[in-house]
2 protein chains.
Amino acid sequence: MHSNPNYAYVRGQVVPLDQAFLHISDLAIQRGYGVFDYFRVHNGRPVFLDDYLMRLQESAKALHMEVPLSDEELKEVILDIISKNDIPVSGIKMILTGGYSANGYDPAEPSLVILQQPMALPSSELVEKGIKIITHDYVREVPRAKTINYTMGIRLIDEIRQQGAHDVLYERNGVVTEFPRCNLFIVKHDDTVITPAENVLLGVTRKNVLALADQKYKAVEGEVTVEDIYQAKEVFLTSTTKRILPIVQVNDQVIGSGKPGAVTLDLLQALIKLEEAYFSLAV
Amino acid sequence: MHSNPNYAYVRGQVVPLDQAFLHISDLAIQRGYGVFDYFRVHNGRPVFLDDYLMRLQESAKALHMEVPLSDEELKEVILDIISKNDIPVSGIKMILTGGYSANGYDPAEPSLVILQQPMALPSSELVEKGIKIITHDYVREVPRAKTINYTMGIRLIDEIRQQGAHDVLYERNGVVTEFPRCNLFIVKHDDTVITPAENVLLGVTRKNVLALADQKYKAVEGEVTVEDIYQAKEVFLTSTTKRILPIVQVNDQVIGSGKPGAVTLDLLQALIKLEEAYFSLAV
């Protein structure tokens, strides 16, 4: 049984989660200023960790911040937290904020926060059934950076629920980009696999799925329109916590047969194998 | 001399500022999700408080949150903090966040934070000299709500400094809207006073200046382009902490004579008189 407290890292110290606080002068609280990243932990081991650490560095740079720990130091803290906690299937979030600002606007020494939380991959029922999504007019402000700004995504939670949908896809002028927390892929009738190239976060799962698709199909990063989606043979999303999730309805439009497609499910199996291969290689 | 600690209000309790913390599960830290408002305190008395309380309510509504205190209860807390602290010329910020989220995404009971900080109005030297501003392509996501998302404004601090400017004006496709924390006004050669109508926060100082301008000049809310600014006789900004600040250069373009204009300075005097009248009326 799991009886230890959960531990988190806050500004240089590992503390029990229930004592993990930031001062109200922190620029996340004052101005929503921060970036983060999030990776899965499987059987106590981080999955594709180097990719996520590299992206955290890039997000920090885009907001003119510096991660106060080197990648090696970050890994030490992460492994320390994993060993102190006991959450075999979980996710670890690293948040980097603008720090304790003297005037509530100018950035200070960044605050680094690391926390581990249980997570569940999508159920096999959900994967077999597929999901409905809706679309909404929006482009993220700094698409290549994983900022903490989810004002739009969280504002839309109620509307997603009211429409009986599972997630919302951002589009502007008919060109789609990404979900608040996932990337989009479509499969054309000639089995070409396409994901939006512009104004998206460069997801780690997106990168892996592109590489896998390229081995068996044709894989392309390019423009995808709402109309392309309606005409697609298959549609799916990718993310760290969802892997690959089939999309069978977009707004009022049923996609293809209305069931998860063969290419989608094939890529999901390939992705699971890739994760297994990663673990057999990792020390 | 001022020797008491500064007090803040955090989730139902008045605590010394150095003990004012939010848990890292708060949705401001996890997702930058929150709204705020900010008013001046002059000789220990809030300035135009009802306007700011009304706007906080509207911002909260736009993000589907409820302020946990009634306006009367808010006023009680505010007066309590003012009397405990001793900062005659200051600002009070009220921040309302998405609360302590169980999964780091879904909103919970909102967290309300209230803090008081010293502030200084612009020096008379700055008002006499006027400021340079630059422009940048951006429109705020939920312009009518005062969200805590200042990702763009804070990212631009370095560029403002490098350009020897004082602030940045947002524009898109040549149409200007607002500054990160101020509204814009221009004065045409026929003394018409114009401020952008669309995609701006409805500033309290903006509202007061519009009313004052309407008494002596022609006051209009309408579209303002970058070209309109370059051709204007006078340009100025308004905000709670700046009142009215003349703008004498926009990017490389000198405005009018390159000095603060007569209408601008006239409106500033009228605004100061309005504040005095407010205090002589307020209990």
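This is a predicted model: local features need pLDDT of at least 70, side-chain atom pairs count only at pLDDT 80 or more; totals for chains, interfaces and linings use all residues.
Local features need pLDDT of at least 70 and side-chain atom pairs count only at pLDDT 80 or more, while totals for chains, interfaces and linings use all residues. Residues are numbered from 1 along each chain as its sequence is written, chains are lettered from A and ligands numbered from 1 in the order in which they are written, and side-chain values use heavy atoms, without hydrogens and water.

**View 1. The interface of chain B with chain A.** Ile24(B), Arg31(B) and Tyr105(B) supply 17% of what chain B buries against chain A, more than any other three residues.

**View 2. Aromatic rings between the chains.** The whole structure holds 14 aromatic pairs over all chains. Rings of Phe, Tyr and Trp (its six-membered ring) pair if their centres lie within 6.5 Å; planes under 30 degrees apart count as stacked, over 60 as edge-to-face and the rest as tilted. The rings of Tyr105(A) and Tyr150(B) have centres 6.0 Å apart and planes at 80 degrees, so they pair edge-to-face. This pair crosses between chains: Tyr105(A) is in the loop between strands S6 (90–97) and S7 (111–118) of chain A, and Tyr150(B) is in the loop between strand S8 (131–137) and helix H5 (151–155) of chain B. Helices (H or I, at least four residues) and strands (E, at least two) are DSSP runs, numbered from the N terminus. Tyr105(A) is buried, at 6% relative accessible area. Tyr150(B) is buried too, at 6%. Buried means under 20% relative accessible area, exposed over 50%, partly exposed in between (1.4 Å probe, protein chains only). Ring pairs also link Phe36(A), Tyr150(A) and Tyr105(B) into a cluster.

**View 3. Arginines over tyrosine rings.** The charged end of Arg31(A) sits over the ring of Tyr150(B), 4.5 Å from its centre. Arg11(B) lies over the face of Tyr100(B), 3.5 Å from the ring centre. A charge sits over a ring if NZ of Lys or CZ of Arg is within 6 Å of the ring centre and within 35 degrees of the ring normal.

**View 4. The loop at Ser25(B).** Ser25(B) is in the loop between strand S3 (21–23) and helix H1 (27–31) of chain B. Ser25(B) is buried, with a relative accessible area of 15%. Leaving aside neighbours within four places in sequence, Ser25(B) contacts Gln30(B), Gly99(B), Tyr100(B) and Ser101(B).

**View 5. Helix H7 of chain B.** This helix covers residues 204–216. At 1.5 Å a residue, its 13 residues should span 18 Å, and the end C-alpha atoms are 19 Å apart, which agrees. The expected span is 1.5 Å times one less than the number of residues. Buried residues in H7(B) include Val204(B), Val209(B) and Leu212(B).

**View 6. The two domains of chain A.** Domain 1 covers 7–118 and domain 2 covers 124–278; the bounds come from an automatic or database domain assignment. Their centres, taken over C-alpha atoms, are 27 Å apart. Here 21 residues of domain 1 contact 19 residues of domain 2. Between them about 1,700 Å² is buried, with 64% from carbon and sulfur atoms.

Methods: Contact means heavy atoms within 4.5 Å. Buried area is the accessible area (1.4 Å probe) that two parts lose on being put together, summed over both.
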